[in-house]
Amino acid sequence: MKKLILLSLLVFVFVPFAFLFTLSLDLPSVENLKRWKPPEATVIYDYKGRVFGDVGIQRRYYVPLSEIPLHVRQAFIAAEDRNFYMHPGVDPIAIVRAVVANLRHREVVQGASTITQQLAKNLFLTPERSIKRKIKEALLALKIERTFSKDQILEMYLNYIYLGQGAYGVEAASRIYFGKHVKDLTLDEAALLAALPKAPSKYNPFRNPEGVLERRNYVLYRMYEDGYISKEDYERYTKKPIHVKLENRYYGMDYFLDYVKDYLVNKYGEVILAGGYKVYTTVDKDLQIHAQQAVKRGVLRVAKANGIPYLPEDPYEVQKIYDSQETDLKPGKVYIGKVQNVSEDSMEIAIKDKVFQVKDVKLPVEKGDFVLVRVYRRKGELQIEVLPDLQGALVSLDVKTGAIRAMVGGYSYLRSPYNRAVYAKRQPGSAIKPIIYLAALMKGYTQVSQIDATPRSFYDPSKGKEWTPSNYEGEQYGMVTLRTALAKSINTATVNLLADIGFDLPIEIGRKLGIELKPYYSMALGSIEVTPLKLTSAFQAFANLGTYCKPYFVEKIVAPDGTILEENKPQCQQVLPPQETRVLVDMLRAVILEGTGVAASSMDRILAGKTGTTNDYMDAWFVGFSPNIVAGVWVGFDAKRSMGKGMAGAKVALPIWMDYMSVAAFMYPKEDFPIPDGVVVVNCPTPMLFVAGTEGVCSQNQKSTDQQTQDELKGIVNPDLLKDRKP
C-alpha cells in the first residue's frame, strides 16, 4: 500500500514536470529578442520634407520608453497588468482573481495574462486557444523576465501591441487617432489607447465612440484605484468627450501612396515595406489634399446637376443602406448591389437574398464591392442594369522639372482605389489638337493663317468608311484663323488643317511627347486613347517651351542605416522648337481669353490650356498650365457611356481645374511665359506672338516696341520680357 501511494506521488509529481520539461525544450530562444527589431512602416515624405503617409506590412514607429510619457505607461499597466513591476512574468494573484470572476459570471469575463505573457504570445506563439499554448506562454514569460528588465519588456510591449486601424504600437496609434506624437498625449487620450488592446475592433473609437468611452473611463478608474491619479483627475477626465481625428479613419488610403507603394514593391520587393525606410517624393501634401477635394466637389456637382445617382463615400454607411433595403424589388427603382463574383465577361451581384448575373459590364470592381443598379423587368423576369459611378481624375506636374505634385485617381479612394490618373486610357477629344496646330506652326503657318472650316469628307481607316467631321452643336464656319480655330475648338478646321499638313509631323511630335498617334483623320479630334498622366505630361512640354521632362515622383530613398538606396533628378530634354512652342502657348492663352476656356479668364494669373470632349459626351477634359504648374482633369464613367447632353469639357472638367489652380497657380508669383529669341510681338490688331520672319502677314501694323506696348500687353505679355530684345 505504501509503495502504491509513493508511486502515485511520484507519477503526480514527475508527469507534470516531464510535460513542462518537454514543452520547455520546444520553446524559442528569448535571447533573439536582444537583436530584435520590429518591422516599421516605410515613411513617405512630400517634397517639402513633411510626412505625407506611410506604407508597410505593419504601421509602426518605434519609440524608446524615455519618449513615452509616464501617464501613458501607467494607463497600460493599470488596464492590462496592475502588478507588472512585482510579478516574475506570471501573476498568481491575477489568475485566482480571474478564475473567481469567471466562475461567478459563468463565462470568461476577465483574463489573467500579464504584459510579459502578451508579449510572449505575440512574438513567439500562434493565437490558438489551448492549454498547451497557454503553458508555453507562461514558460516564455518567465524566461523573458529572467533575460530583460521590466522597463525593457514594457518598451517592447508598447511598441508591439496592436491597437486597431492598422496601428502597431502607441506612436502609430497616437498619430492615427489623435494626429499627434505619443509624447504629446493627454491623460484621457492615454487612457483611450490603453482601452484598446482588450478588443481593438470592438472598441474602435472611429466606429464605436460610446463603447470606447465606457472602456476609457474604466481605465481611468483603474488608474485612480491604483493611485496613479487623484480622485479630482478621475472625475474631471471621465467627463471629457471622445475627440479623435475622424479624417484619419482611412489613414493611408490615397492614390499617390498606392502609386509609390507599387513602385517600391515592384523594384525592391515587399521587404522594403517592413524595413523602416524613408521615401522622399515630389508630391505636395497641401496640393494633394486640395486636389482630392476639388475632384470630389466637381464630380458630385455634375452628378447632382444631371440626376446621376451616386453612392455615399463611407463604406460603413453604404453597408447600412444595403442591409436596410427592401426585399420586394420594384422595376424602375435604383438599389445598392453587392458584387459576389467577377469574371472576364460577367459578374454576379446580390441585392439582399437575390443574386443576378450581369454580362458585358467592364468595371474596375472586385468581390465585395458595392455598386448601384437599376431594376427592370424583361420577359416577365426581374433584371438589373449596373449604373457606374461618375468618376474624375487629376494629375499635376511641375512645369520646370516634371515632378508630380498631385495625383488623384478617382472621386473617392474609398469607393474605388483604381487609379484612373495613371491607368485609365480614354479618348482625349479636342485636348489633342495642340499637337496638330504646333505641327502647322512648324510648317510655316502662323496664328493668323486662314484655314477653311467648311466640312469635308475623308476616308478614315479607323472607321472603315467615309467620315465627315462636325462641330459642337452643329455650328458652321467659313474661313477662320488658326488662333480662332484652336480657341473655339472648331473640329472641321482642325481636320482640314491636318489634311493640309499631313500625318508625319504630328505623329513625330506625339512620339516625342510620349503619345502614340495614328495616321487617321479622326486623330485630330482625339480618337486615340491616352491616360491623364500622359496627356498632362505632353502639356508640360508646351508650358516649358518645348523642353519635355519625364514625369517622376521619387526623389530619394534612404535605408534605416542612412544609406541612399536611390536618388532621382529631373530628366529634361528639348524636344520641340521653343519659338513655335511659344507661339502655341499664345494660342492656348486665347483658349482662355476668348475661347472655350473663357470661364478661367477671371483668374488673376497668366494661364493657358485646352478643353476636350468626346462623342456623346463620354469624356470631358481640361488640361492647362501657368508658367510653373500644369494640371490635367478628366471626368467620365469607367464604362463608356454618355454623361448627358452638353456635358462638355468646359462645363464639367474646367471648373475642377479652376478649383485646383485657384490654389496651385497662386503658390507662385504672377508672371508670364518667357519669350525666347526668334519670337516677336506684333499688333495684329491685338498683340500676338509670331516666329520671327513670319510676322509679315501683319506688316500693315507697326511692330510693337517696348514703350508702345506697355499698356497694350498688360495681362497678355509681360513687357519686361521684351527688354533688350533684338528687332
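Strands here are DSSP runs of E with at least two residues, helices are runs of H or I with at least four, and both are numbered from the N terminus. Two strands count as paired if DSSP finds at least two bridges between them. Arg374 has Glu385 of strand 8 as its bridge partner. The two strands form a hairpin with 2 residues between them. In that turn, Lys379 has a positive phi of about 55 degrees.

I note the basis of the model. It is predicted: local features need pLDDT of at least 70, side-chain atom pairs count only at pLDDT 80 or more, and totals for chains, interfaces and linings use all residues. Residues are numbered from 1 along each chain as its sequence is written, and side-chain values use heavy atoms, with hydrogens and water left out.

Next I checked the chain as a whole. I read 22 helices and 23 strands in its secondary structure. Of its 727 residues, 52% count as buried (under 20% relative accessible area; exposed is over 50%, partly exposed in between; 1.4 Å probe, protein chains only). Among contacts (heavy atoms within 4.5 Å) with a separation of 6 or more, 69% join residues 24 or more positions apart. The chain exposes about 33300 Å², of which carbon and sulfur atoms supply 53%. That area comes from the Shrake-Rupley method with a 1.4 Å probe, and for residues only the protein chains shown count as cover.

On a 1 Å grid over the protein atoms alone, a cavity is a set of points where a 1.4 Å probe fits but cannot get out, a pocket is an open set with protein on both sides within 12 Å along at least five of seven lines, and lining residues have an atom within 4 Å of a point. Grid points are joined across faces, edges and corners, and a volume is the space filled by probe spheres set on the points.

I found 3 cavities of 30 Å³ or more. The largest cavity has a volume of about 150 Å³. Its lining has 15 residues, with Val365, Val371, Asp389, Arg415 and Asp638 nearest the centre. Strand 7 supplies the largest share of that lining, 3 residues. I sorted the lining into 8 nonpolar, 2 polar and 5 charged residues (Ala, Val, Leu, Ile, Met, Phe, Trp, Tyr, Cys and Pro are nonpolar; Asp, Glu, Lys and Arg charged; the others, Gly among them, polar).

The second largest pocket holds about 1100 Å³ of space. Strand 2 (51–55), helix 11 (255–268) and helix 12 (285–305) are the elements that give two or more residues to its lining. Helix 12 gives the most, with 6 residues. The lining has 33 residues, and Glu247, Asn248, Tyr251, Ile289 and Gln292 lie nearest the centre. I sorted this lining into 13 nonpolar, 10 polar and 10 charged residues.

Last, I looked up backbone details. The peptide bond from Cys684 to Pro685 is cis, with omega near -10 degrees. Pro685 sits in the loop between strand 22 (679–683) and strand 23 (687–691). Ser489 is not a glycine but has a positive phi of about 55 degrees. I place Ser489 in the loop between helix 16 (482–487) and helix 17 (491–501). Ser489 is buried, with a relative accessible area of 12%. Tyr617, also other than glycine, has a positive phi near 60 degrees. I place Tyr617 in the loop between strand 19 (608–613) and strand 20 (619–625). Tyr617 is buried at a relative accessible area of 14%.
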